[in-house]
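Okay, thanks everyone, let's get going.

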Amino acid sequence: MAEDLHITLGSKEDQYVNLIPQIEGLLHGEDDLVANLSNVAAALKQQFGFFWVGFYLVKKNELVLGPFQGPVACTRIQWGRGVCGSAWEKGITLIVPDVSEFPGHIACSSLSKSEIVIPIKQHGNVVGVLDVDSDLLNSFDQIDANYLEKIISLIQWS
Ligand code: SME
């Protein structure tokens, strides 16, 4: 059974450092992917108050909306489309300081201003992405990229 999340104040790095062992605890002993993705999204939302945080999963050659926290969102994204589809195509983390300047950005919400998308790889193939949106410009940097990539690596995919 999950304990309440211990919310940490301090620098962004401090917050990630304190969150990661708690996420490890949430994932420990549970092998259901939907359950684990749901709790990771919830833990990130609770700690950081992100506007939107969630997963898109590769299904039949498109990204399909998975567990998330935040306002309702687009359900399907094509390969190469938007920030999520581009991270899938390129296989790299994309940090977008101002979504209005990203060609092809998919505006699920007009309130979203900056975004980071991390591809999730299994055996070299992208199987999904973690998408985090902020209602402020310039919210994400390499610190988020490094720790979010670390968090994704904790999730047992199959
Ligand atoms: N903005 C994303 C779409 C997903 S939502 O933000 C939840 C994109 O351009 O891929």
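**The ligand and its cavity**

Let's start with Asp131: an N or O atom in its side chain is 3.5 Å from an oxygen atom of the ligand. By polar contact I mean a pair of N or O atoms within 3.5 Å. Taken alone the ligand exposes 300 Å², and the protein buries 99% of that (Shrake-Rupley, 1.4 Å probe).

Quick caveats: this is a predicted model, where local features need pLDDT of at least 70, side-chain atom pairs count only at 80 or more, and totals for chains, interfaces and linings use all residues. Residues are numbered from 1 along each chain as its sequence is written, and side-chain values use heavy atoms, with hydrogens and water left out.

So, who's around the ligand? There are 13 residues, with a heavy atom within 4 Å, and the closest are Val83, Cys84, Ile106, Glu115 and Asp133. H3, a DSSP helix (at least four residues), gives the largest share of that shell, 3 residues.

Now the cavity, meaning points on a 1 Å grid over the protein atoms alone where a 1.4 Å probe fits but cannot get out. The space taken by the ligand is the largest cavity, with about 150 Å³ of space in it. Its lining (an atom within 4 Å of a point) has 17 residues, and Ile106, Cys108, Glu115, Asp131 and Asp133 lie nearest the centre.

How values were computed: A polar contact is a pair of N or O atoms within 3.5 Å; within protein, one must be able to donate a hydrogen and the other to accept it, and residues adjacent in sequence count only if both atoms are side-chain atoms. On a 1 Å grid over the protein atoms alone, a cavity is a set of points where a 1.4 Å probe fits but cannot get out, and a pocket is an open set with protein on both sides within 12 Å along at least five of seven lines; lining residues have an atom within 4 Å of a point. A molecule sits in a cavity or pocket if more than half of its atoms lie within 2 Å of its grid points. Helices (H or I, at least four residues) and strands (E, at least two) are DSSP runs, numbered from the N terminus. Grid points are joined across faces, edges and corners, and a volume is the space filled by probe spheres set on the points.
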